[in-house]
Amino acid sequence: MAPGLVRFALRRTLRDVKYVEAVRPRRARGLVRDVYRQVERDFGMLAPPVALHSPAPEVLAAVWLMLRESLVAAGAASRADKEVVAATVSAANSCPYCVEVHGMALASLGEPAAAAAIEAGDAGAIPDRDTRALVAWAMGDGPLPADVPAGTAAEFTAVAVAFHYLNRVVSVFLDQSPLPEAVPPAAREKAKAVLGYFLKPGAPPPAGTSLPLLPAAATDGPGWAPPGGTLADAFARAAAAIEAAGERSVPPRVRELVRREVKAWDGNPPGLSRAWAEPVLAELPEGERAAGRLALLTAKAPYQVGPADVGPERTDDRGLVELVSWAALTAAVAAGERLSLRPRREDSPGRRG
């Protein structure tokens, strides 16, 4: 766990959350308090990408279930390999905040070369062949080796889905770096090394202890998760909570439009121009276009979201978090389906499992 001074400094970064007011730890009650306690115990710090969901307590719990049971909890895959997936997906989604955080974690676990290569977008510079294959898979550029056990592959997919979700939400609500703006460019690498040292993951906690935070889901988990296992249960509970949030806060026609657009999408970024979005949004009634624009951009191009897109939805912190979360999960679920349908590569080096 991070030392007290580091945890205190990280809690202060909740002030950096944009557009909504995250619940401060001393004011947390009920479900928010229960989630915060688990996050600090098992993740080592109250991370702003999790805490920013606190205006919507059920969504906060859903995000923690996905993050904890995929990345943090003990399983078949090593934490270093899971951090490779987290950092790589974050790079693919143009989320520099998450790339920095999980690059620091990866470097602290003894993989500084891999962390630097992922951040630089140069996977070919990674010395280890298995790690290069894992990066290619997480980028959507290749299959997993055929001898990666099914349980390990499911854990990698779970991490990828969690970060396809988190990258989108972070791009909307946080700045581009977890480091304060006051840190000068020349000192950033040293600051990252120091912070990474203090935040090095410890022994993984047992799987499944986050599940009671949310009720059991009426539906099965995703197809990539082993039936009846912790991952299937956690992601089913999380999806049910976020879908219920979407029903409260996202107009039905907006949900229908975003689902249709995500289903037809190949996952590639639509580019820097937003010309692709406006003809689609013209299908909505004028009064729903602001919500539709924010939801559609969050799903397909979160790096394009700006204050003007969020402004019309800022009347209600809970509603804003629920809208963005619903759109982010819709895209993340589709990304997980694409990854899980990719065939395995037969010429595998055979280390993972």
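Modeller: Let's start with a word we will need: a residue is buried when its relative accessible area is under 20%, exposed when over 50%, and partly exposed in between (1.4 Å probe, protein chains only). By that rule, 53% of the 353 residues of this chain count as buried. The model is predicted, so local features need pLDDT of at least 70 and side-chain atom pairs pLDDT 80 or more, while totals for chains, interfaces and linings use all residues. Residues are numbered from 1 along each chain as its sequence is written, and side-chain values use heavy atoms, leaving out hydrogens and water.

Biologist: How many helices and strands does the chain have?

Modeller: Helices (H or I, at least four residues) and strands (E, at least two) are DSSP runs, numbered from the N terminus. Here there are 16 helices and zero strands.

Biologist: How do I describe two packed helices?

Modeller: You give the angle between their axes and the distance between the axes. The axes are lines fitted to C-alpha atoms, for helices over the stretch in contact, and angles run from 0 to 180 degrees between N-to-C directions. Take helix α4 (residues 57–72) and helix α16 (residues 317–341): their angle is about 35 degrees, and their axes lie 10 Å apart.

Biologist: Which residues of α4 and α16 make the contact?

Modeller: Contact means heavy atoms within 4.5 Å. On α4 the residues are Pro57, Glu58, Val59 and Met66, and on α16 they are Arg318, Val321, Glu322, Ser325 and Leu329.

Biologist: Now helix α7. Which of its residues are buried?

Modeller: In α7 (residues 112–120), the buried ones are Ala114, Ala115, Ala117 and Ile118. They sit on the same side of α7 because they cover an arc of only 165 degrees around the axis; that arc is taken from the directions from the helix axis to the C-beta atoms. Pro112 and Ala120 are exposed, on the face turned away from the buried side. The cover over the buried residues includes α5 (79–92), α6 (96–108) and α8 (129–139).

Biologist: How far apart are Glu155 and Trp224?

Modeller: They are 69 residues apart in sequence, and 9.2 Å apart in space, C-alpha to C-alpha.
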